[in-house]
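Biologist: I'd like to learn how to read the inside of a protein model. Can we go through one together?

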Amino acid sequence: GQTGSGKTHTMGTAEAAADVGAAAGLIPRALNELFSRAHAADSGLSCAASCTFIEIYKEEVHDLLNFSAETGTVATLPIRENGDGNGGLTLTGQQSKAVSSVEEAMAVLAEGARNRATGSTAMNATSSRSHAIFTLALDLKLADGKTFTPKLHFVDLAGSERAKRTGATGERLQEGIQINKGLLALGNVINALCEKHNHVPYRDSKLTRLLQDSLGGNSKSTIMVALRIESQNVEESVNTLRFAQRAKAVKTIVKDNTVT
């Protein structure tokens, strides 16, 4: 969705409380559901969880959980092949925090959100200037000894924007250019997967490269579309729906002049 359409609010990336109310975002809702089920499971199930939180800002990967008070910056992480022969990736030096409850997981989310790059534009006073990925990794052990290590990536994309409307110049303009490049690369990857192309251009951006194992293989991906329905935003809204249509998984509901 375009800048200012409510993506961060919908994801709940900036939330700090674990309470799930009517306005709660996707992340706190999912965390509540997961931990509730884990705690209610049979005694034969052992579950350990950990969280990471990164952002991709101007094609650099930053660890939002590794903040230096001395420099006032977060650590920049290099991407490395993990050497397993399967094309897997690792972020050297990434901080991971063990959590045992939804409250602890939300505290990690809030810590990282404070360090995320934001800025003011003519369309959004607190615009996200980066793509953020909050990851919950689980280590499940069953009574029969079987183990599973699933991951959930919650991705809060920065909004697509047009410089003419946002009034962006200088650094803000460069941020917008990189944001749009990442979104274009994501759209190309989704299109290639849906059309079953022989080559999928994961390496065209850091965003698609890091999400490679979430977009392809045996993973399940869900895209949520955020729209602004004011008349001056029609062009951007149509482009957003076209983006989702390329994924062949768009469901649009219009009720009381609100599109969800």
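Predicted model: local features only at pLDDT ≥ 70, side-chain atom pairs only at ≥ 80, totals over all residues.

Biologist: Which residues touch the most other members of the largest nonpolar core?

Modeller: The general idea comes first: in soluble globular proteins, nonpolar side chains tend to be buried together. Here, the largest nonpolar core has 23 residues, and Leu31, Val99 and Phe134 touch the most other members. Two or more residues of this core come from each of α2 (26-40), β1, β2 (60-68), α3 (102-114) and β9. There's also a second, separate core of 12 residues, with Ile54, Ile79, Leu91 and Leu210 among them.

Biologist: Okay, now helices. How do α2 and α3 pack?

Modeller: Two packed helices are described by the angle between their axes and the distance between the axes. For α2 and α3, the angle is about 150° and the axes are 9 Å apart. Angles over 145 degrees count as roughly antiparallel, so that's what α2 and α3 are to each other. Their crossing is right-handed.

Biologist: Which residues of α2 and α3 meet there?

Modeller: On the α2 side you'll find Ile27, Pro28, Leu31, Asn32 and Phe35, and they meet Val102, Ala105, Met106 and Leu109 in α3.

Biologist: What about aromatic rings? How many aromatic pairs are there?

Modeller: For rings, look at the distance between the centres and the angle between the planes. The count here is 2 aromatic pairs. One is Phe53 with Phe134, an edge-to-face pair at 5.4 Å centre to centre, with 85° between the planes. Phe53 sits in strand β1 (residues 46-57) and Phe134 in strand β9 (residues 131-141), so this pair ties together parts that are 81 residues apart in sequence.

Biologist: And what kind of pair do Phe134 and Phe154 make?

Modeller: Their ring centres are 6.4 Å apart and their planes are at 35°, so the pair is tilted. This pair links distant parts of the chain too: Phe134 is in strand β9 and Phe154 in strand β11 (residues 151-156), 20 residues apart.

Biologist: Are Phe134 and Phe154 buried or exposed?

Modeller: Under 20% relative accessible area counts as buried. Phe134 has 0%, so Phe134 is buried, and Phe154 is buried as well, with 9%. Phe53 is also buried.

Conventions:
Residues numbered from 1 in each chain as written. Heavy atoms only, no water. Phe/Tyr/Trp six-rings, centres within 6.5 Å; stacked < 30°, edge-to-face > 60°. Helix = DSSP H or I, 4+ residues; strand = E, 2+ residues; numbered from the N terminus. Buried < 20%, exposed > 50% of the residue type's maximum accessible area, 1.4 Å probe, protein only. Core = buried A, V, L, I, M, F, W, Y, C linked by side-chain atoms within 4.5 Å. Axes fitted to C-alpha atoms, helices over the stretch in contact; angles between N-to-C directions. Parallel < 35°, antiparallel > 145°, perpendicular 65-115°, else oblique. Left-handed = near helix turned anticlockwise from the far one by under 90°. Contact = heavy atoms within 4.5 Å.
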